[in-house]
Amino acid sequence: MPGGSMHWPFFTPYKLYGQVDYIYGFPALEAGNGFTSAQGVMNVAESLGYVAYLWLVWRFGRATEEVEGRGAPSFKLVGWFGEARSIGGAEAGLAVLIAFTTSALTFSKTLLYWLNEYFSGFANIGQNDALSLIFLWIIPNGLWMVFPAYMIYVFGQELLEALAIASGEPMSTASVGNILAIKNE
């Protein structure tokens, strides 16, 4: 918070966000609202999940020349950070499970945050004009749903494919669309 020991130089831009969204500002702090602290604890859990996933891929994965897997970025697009790595075995299963679960946590927590605003009559963001709301709240917070939703889809497909392979089912049926389709037998 402004005036705190860590405000400068680390959290100076946060002052603006605390004015845009009161749940992160003085109004929530002064009201003793515990949502912000509870969300902070969940943020730590999310961060640990993402770090665990990255550690598993880095520790047990091997660098490959070609891009493998759904959603894998092109090396040309993201450079060294997008180095293609391939991981297999139990470590791969654990990595995908952690990434899927953590992405679902991020998505669900953000959805809860949006629903909390809606059902409270926009108590924490209702003071904003439309332009500020769009560029300083909707777009930044929307990204915390868009990217995790994509990750849920990608890692969910990986889990379905692995389960199909383990059950001896043909690979072509290991997709959400095929599993959810009603089959006439």
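Colleague: Is Glu46 buried or exposed, judged by its relative accessibility?

Modeller: Buried means under 20% relative accessible area, exposed over 50%, and partly exposed in between, with a 1.4 Å probe and protein chains only; Glu46, at 6% relative accessibility, counts as buried. This is a predicted model, in which local features need pLDDT of at least 70 and side-chain atom pairs count only at pLDDT 80 or more, while totals for chains, interfaces and linings use all residues. Residues are numbered from 1 along each chain as its sequence is written, and side-chain values use heavy atoms, with hydrogens and water left out.

Colleague: With which residue does Glu46 form a salt bridge?

Modeller: Side chains of opposite charge can pair when their charged atoms come close. The criterion for a salt bridge is a side-chain nitrogen of Lys or Arg within 4 Å of a carboxyl oxygen of Asp or Glu; the partner of Glu46 is Lys109, and the closest N and O atoms are 2.5 Å apart. Because Glu46 lies in helix H4 (residues 35–60) and Lys109 in helix H6 (residues 89–119), the pair ties together parts that are 63 residues apart in sequence. Helices here are DSSP runs of H or I with at least four residues, strands are runs of E with at least two, and both are numbered from the N terminus. Lys109 also counts as buried, at 13% relative accessibility, and the structure holds one salt bridge.

Colleague: At what angle do the axes of H4 and H6 cross?

Modeller: Axes are lines fitted to C-alpha atoms, for helices over the stretch in contact, and angles run from 0 to 180 degrees between N-to-C directions. The axes of H4 and H6 cross at roughly 155 degrees and come within 9 Å. Angles under 35 degrees count as roughly parallel, over 145 as roughly antiparallel, 65 to 115 as roughly perpendicular and the rest as oblique, so H4 is roughly antiparallel to H6.

Colleague: Which element has the highest mean pLDDT, and which the lowest?

Modeller: pLDDT is the predictor's confidence in each residue, from 0 to 100. Among the elements of the protein chain, H6 has the highest mean value (96), whereas helix H8 (residues 176–180) has the lowest (53). For the protein chain the mean pLDDT is 84, with 79% of its residues reaching 70 or more.

Colleague: Which residue has a positive phi although it is not a glycine?

Modeller: That residue is Phe122, with a phi of about 60 degrees; Phe122 lies in the loop between H6 and helix H7 (130–167), and at 39% relative accessibility Phe122 counts as partly exposed.
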